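User: I would like to go through this structure term by term, asking for each label what it rests on.

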Amino acid sequence: MKLFASIYIGTYETTLKVFEVVKQKGAKTIDVQKIQSDIIKDILSKGMILPETVDKLCRILNDMKRTIEGYKVDAFSVVAGPNIRQASNDLVVLEQIKMRTGFSPIVLSNSEQRFLGYQAVASTENFDELISDSAVLVDVGGVSLQITLFSKGKIITTQHLSLGTVSINENLRKLGSTSGNSLEQTYEMMYKELDVFKTMFLRDIEPKYMILFGVQVNSITERISSFSSKSIKTEEYLDCLNKINRQYIKRFDDSNDIYLDNENVIEPVVMLYKALAETLNPAMVFAPGVSVAEGMMYNHSYQKKWLVSKHDFDNDIITAAWSIAKRYGSYQPHLKALYRLSGEIFDAMKKYHGLTKRHRVLMECIAILHDCGKYISLAEASSCSYTIIMASEILGLTHKERELIASTVEFNRKPVEPYDNMSDRFTQDEYLTILKLLAILKVANALDRSHKQKIKNVSMRVKDNELVINIEANSSLALEKGLFTKNASYFQEIFGIKPVLREKQ
């Protein structure tokens, strides 16, 4: 048995959860502390985090630190949500936290935060069953939300929308929340944003489930609607939401002798969840009742082998990449050939490139997405590919990994920039990784330069400082051999191993 503690510094709530992790049985929560925060209010109204908010946060974190020490946990993690970076004094705040509590919070990127949430949801018992038909996973945050569409168990798209509970509440406050016009305007704005997603991506897909994730989801489902951790028909779900207003919340609090967390944002939460259900029109709504804190625990437990994941997160990344390639009209037979060949080169060079299993996933994404920019411009395909990849949310990849993929794809057609020009974006190790993946991509691409898949029965091995590639071909390889010689030279420059093409007659 292992004990793990997660501290998540959100923009409107700081949460501590302590978990008991048993490999054979899974994980269970043994302690929870949630304290409301004014971080997002300060940022939206003042552009910075006010000193009194920092004081309160440090007191909370010191209390949580004592709790962690009392449990004598095996490991813990402290992270902050990405919205903290919107504060003009974010670096000063993080330094004060470090000096006053001893914690050095890792500030997540949007991609990293969303993935931790996804790991929490995907680790629930019946998740794969929910997405086996069709489903939309809606991750609602304070400033924005993210929708991931699944069909037949595969990710179709992940899209980021500028709709969040606190930002909507702030908009209502500025407009005058007591005004009927302000509520109507806000509701119409939500519908417009969501309808664009529906028109562009749902098309003929009718989601069976809407999976709700977010802190306020738990407040509503656990304390008001009473359908936590189980499904409910959308009609019943909407009936429940239609009952909720500020008077209902007050009566509920008084009769149950509780204080509902973040009461001031319940109204925009209800508006948003109603708009989601009415626009996306799922048959059922499911609220698993997990949070980023669970995602932190699962992420650590999978890395340390405390638990074994039942869900294939790497496959999610690959299927998302294939969906993007399809959306931008990339030539599928060539991509499949390149996907296979680059993987075989990567594996043959395992002892020589020093890259990891995770880098192989990035290599597969590079092969799939290397031509996506041609949809926009044949002449500027490299730059367009970079833009498409950086603008596409691929659930499971960090922002840095997406940038690494995009840069490798861009250099496939452009001269590689020297490290000095990229040192503000990549470490030296990351830059060398780009060069290695690019070298593999170039050799694999040369083997199908004609896009006609002439090569069959490929085998590879490294011998005497040569990567010997034995092939059979069903037609002339004149074009492929011409490009292969040039790209083999670059490969040799990077690895010190020369690719050699040997054709069986």
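**Aromatic rings**

Analyst: Phe115, Tyr118, Phe127, Phe150, Tyr298, Tyr302 and Phe313 form one aromatic cluster. This is a predicted model, in which local features need pLDDT of at least 70 and side-chain atom pairs count only at pLDDT 80 or more, while totals for chains, interfaces and linings use all residues. Residues are numbered from 1 along each chain as its sequence is written, and side-chain values use heavy atoms, with hydrogens and water left out.

User: Why is the pair of phenylalanine 115 and tyrosine 118 called tilted?

Analyst: Rings of Phe, Tyr and Trp (its six-membered ring) pair if their centres lie within 6.5 Å, and planes under 30 degrees apart count as stacked, over 60 as edge-to-face and the rest as tilted. The structure holds 14 aromatic pairs. In this one the centres of phenylalanine 115 and tyrosine 118 are 6.4 Å apart and the planes stand at 45 degrees, so the pair is tilted. Both residues belong to helix H4 (residues 110–122), where three residues, about one turn of the helix, separate them; helices (H or I, at least four residues) and strands (E, at least two) are DSSP runs, numbered from the N terminus.

User: What makes tryptophan 322 and tyrosine 339 a pair that links distant parts of the chain?

Analyst: Tryptophan 322 lies in helix H13 (residues 313–327) and tyrosine 339 in helix H14 (residues 332–348), 17 residues apart. Their rings form a tilted pair, with 5.8 Å from centre to centre and 55 degrees between the planes.

User: Why does tyrosine 339 count as partly exposed?

Analyst: Buried means under 20% relative accessible area, exposed over 50%, and partly exposed in between (1.4 Å probe, protein chains only). Tyrosine 339 has a relative accessible area of 26%, so the label is partly exposed. Phenylalanine 115 and tyrosine 118, by contrast, are both buried.

User: What makes lysine 65 a charge that sits over the ring of phenylalanine 103?

Analyst: A charge sits over a ring if NZ of Lys or CZ of Arg is within 6 Å of the ring centre and within 35 degrees of the ring normal. The charged end of lysine 65 is 5.9 Å from the centre of the phenylalanine 103 ring and sits over that ring. Lysine 442 is placed likewise over the ring of tyrosine 490, with its charged end 5.9 Å from the centre.

User: What does threonine 148 touch, leaving aside its neighbours within four places in sequence?

Analyst: With contact meaning heavy atoms within 4.5 Å, threonine 148 is in contact with Ala135, Val136, Leu137, Ile155, Thr157, Thr158 and Leu395. The side chains of threonine 148 and threonine 158 also make a polar contact at 3.2 Å (a pair of N or O atoms within 3.5 Å; within protein, one must be able to donate a hydrogen and the other to accept it, and residues adjacent in sequence count only if both atoms are side-chain atoms).

User: How do you know that S7 pairs with S6 and with S8?

Analyst: Two strands pair if DSSP finds at least two bridges between them. Seven bridges join strand S6 (residues 134–140) to S7 in the antiparallel sense, with leucine 137 and threonine 148 as bridge partners. Seven bridges also join S7 to strand S8 (residues 154–161), again antiparallel, and leucine 149 stands opposite threonine 157 there. S6 and S7 form a hairpin with four residues between them, whereas the hairpin of S7 and S8 has two, and in that hairpin lysine 152 takes a positive phi near 55 degrees.

**The nonpolar core**

User: What makes a set of residues a nonpolar core, and which members of the largest one touch the most others?

Analyst: A nonpolar core is a set of buried Ala, Val, Leu, Ile, Met, Phe, Trp, Tyr and Cys residues joined through side-chain atoms within 4.5 Å. Of the 95 residues in the largest one, Tyr118, Ile211, Ile345, Leu467, Ile469 and Phe491 touch the most other members. Helix H19 (residues 428–446) gives the largest share of this core, eleven residues. A second, separate core has 33 residues, among them Ile168, Leu194, Ile205 and Leu212.
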